[in-house]
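Please keep the sequence and the model in view while reading.

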Amino acid sequence: MNGPPEQIAASLRGHIGIGVAVLMLLALSVGLVRMGVEGDQRVAVVLGVAAVQVFLIAAILMHLSSERRGIIVLLLFTTVFVAGLLGLTYLTMNDPYEGAEHIIVTPLPDEGLGEED
Amino acid sequence: MVIPYTVEPRRDSGVYNGKLGIWLFLASEIMLFGGLFSAYVMLRTGAPDWPNGSDLLNVPLATINTVILVVSGITMVLAWTSLRLDRPGSFRRYALATALLGLAFLCIKSFEYYEKIEHGLLPSTNNFYGIYFVLTGVHFFHIVGGVLVLFWHAGPGLRMHRRAPEQFTNRIEVTGLYWHFVDMVWLVLFPALYLV
């Protein structure tokens, strides 16, 4: 954890550089939107830039690139789990299989249960 | 009684307890925000008509807020590095700077909410404002928690540095992990709500 001061100072410069890179990517994202990029292109660009920013912070500032295997496996499992849940939710709204039978549950007719003569 | 593995790593996990604990917590936070995000995606893709966030929300203010959070991430790293170089005075300054930047974020966000509420735009107005208030509101309270922890560590909590400097440095490391995660969430929320 506590290496020589020169090593710590060098890693600090790297971290600050990442922060500056994230700010520049933010300027790029906002700038492109202001310039009038529209529709699906806009979505792809801004979310793509956000993904790069997230990767830089996770890998460098949160030290994931040099983290223990157990932590990486934990996060991979989490990601797969969340993606699976999102996928299941998506499938309930957008069934991709043609001709799939959708079973519709109808209530049983009232047979007068509980009525007194 | 001394709690083990607050500094030395466990043989099974390879990390000290606090680091394993914070990553488990962050994994649960990924599920929380992942669920909320999926709600946003489902609402948006299922709606016949969905407004552009940039038409309804204050993009300049939110951009300033994003800059504030990114800079606070840098000051957080500077705070942790100060402790690694055994400079508690420097740590206190950077930790306070991070907390104050977080406070500035909260003030600007509160002003944004006030602007909306003043014009009668509430979570109940429509799905767009509903998901906007929920997503940014949950993030807001995460920032509140982080700010409180930072003020504690920069204030009364700093006493621990005198008797257990390595353990205190580890506490700041895990605080930094939480802060960077909250920063990352905003870096996704901002474009998803304000720019598209």
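## The largest pocket

In this predicted model, four helices each supply at least two residues of the lining of the largest pocket: α2 (39-61) and α3 (69-93) of chain A, together with α1 (17-46) and α7 (165-195) of chain B. The largest pocket has a volume of about 1200 Å³, and of the 39 residues that line it, A:A51, A:V54, B:G34, B:F37 and B:V188 are the closest to its centre.

The helix that gives the most to this lining is α2(A), with eleven residues. Sorted by class, the lining of the largest pocket has 29 nonpolar, six polar and four charged residues.

## Chain A and its helix α2

Chain A has three helices and zero strands, and 26% of its 117 residues count as buried. At 1.5 Å a residue, the 23 residues of α2(A) should span 33 Å, and the end C-alpha atoms of this helix are 32 Å apart, which agrees.

Among the buried residues of α2(A) are A:R42, A:V46, A:V49, A:A50 and A:Q53. The buried residues of α2(A) pack against α1 (5-35) of chain A and, on the side of chain B, against α2 (53-56), α3 (59-84) and α7. After α2(A) comes A:H63, whose phi is positive, near 60 degrees.

## Where the two chains meet

How many residues of each chain are in contact with the other chain? The contact involves 46 residues of chain B and 42 residues of chain A. Between them the chains bury about 3900 Å², with 81% of that area on carbon and sulfur atoms. B:W23, B:M42 and B:R84 supply 18% of the area that chain B buries against chain A, which is more than any other three residues.

Two of these residues, B:W23 and B:M42, are also among the buried residues of α1(B). The buried residues of α1(B) pack against α3 of chain A and against α5 (127-154) and α7 of chain B. With 30 residues, α1(B) reaches 43 Å from its first C-alpha to its last, close to the 44 Å expected at 1.5 Å a residue.

## The segment before α1 of chain B

B:R10 is found in the segment before α1 of chain B. Leaving aside residues up to four places away in sequence, B:R10 touches B:Y5, B:V15 and B:N17.

## Enclosed cavities

By class, the lining of the second largest cavity has seven nonpolar, two polar and no charged residues.

Definitions and conventions
Residues are numbered from 1 along each chain as its sequence is written. Chains are lettered from A and ligands numbered from 1 in the order in which they are written. This is a predicted model: local features need pLDDT of at least 70, side-chain atom pairs count only at pLDDT 80 or more; totals for chains, interfaces and linings use all residues. Side-chain values use heavy atoms; hydrogens and water are left out. On a 1 Å grid over the protein atoms alone, a cavity is a set of points where a 1.4 Å probe fits but cannot get out, and a pocket is an open set with protein on both sides within 12 Å along at least five of seven lines; lining residues have an atom within 4 Å of a point. Grid points are joined across faces, edges and corners, and a volume is the space filled by probe spheres set on the points. Ala, Val, Leu, Ile, Met, Phe, Trp, Tyr, Cys and Pro count as nonpolar, Asp, Glu, Lys and Arg as charged, and the others, Gly among them, as polar. The expected span of a helix is 1.5 Å times one less than its number of residues. Buried means under 20% relative accessible area, exposed over 50%, partly exposed in between (1.4 Å probe, protein chains only). Contact means heavy atoms within 4.5 Å. Buried area is the accessible area (1.4 Å probe) that two parts lose on being put together, summed over both.
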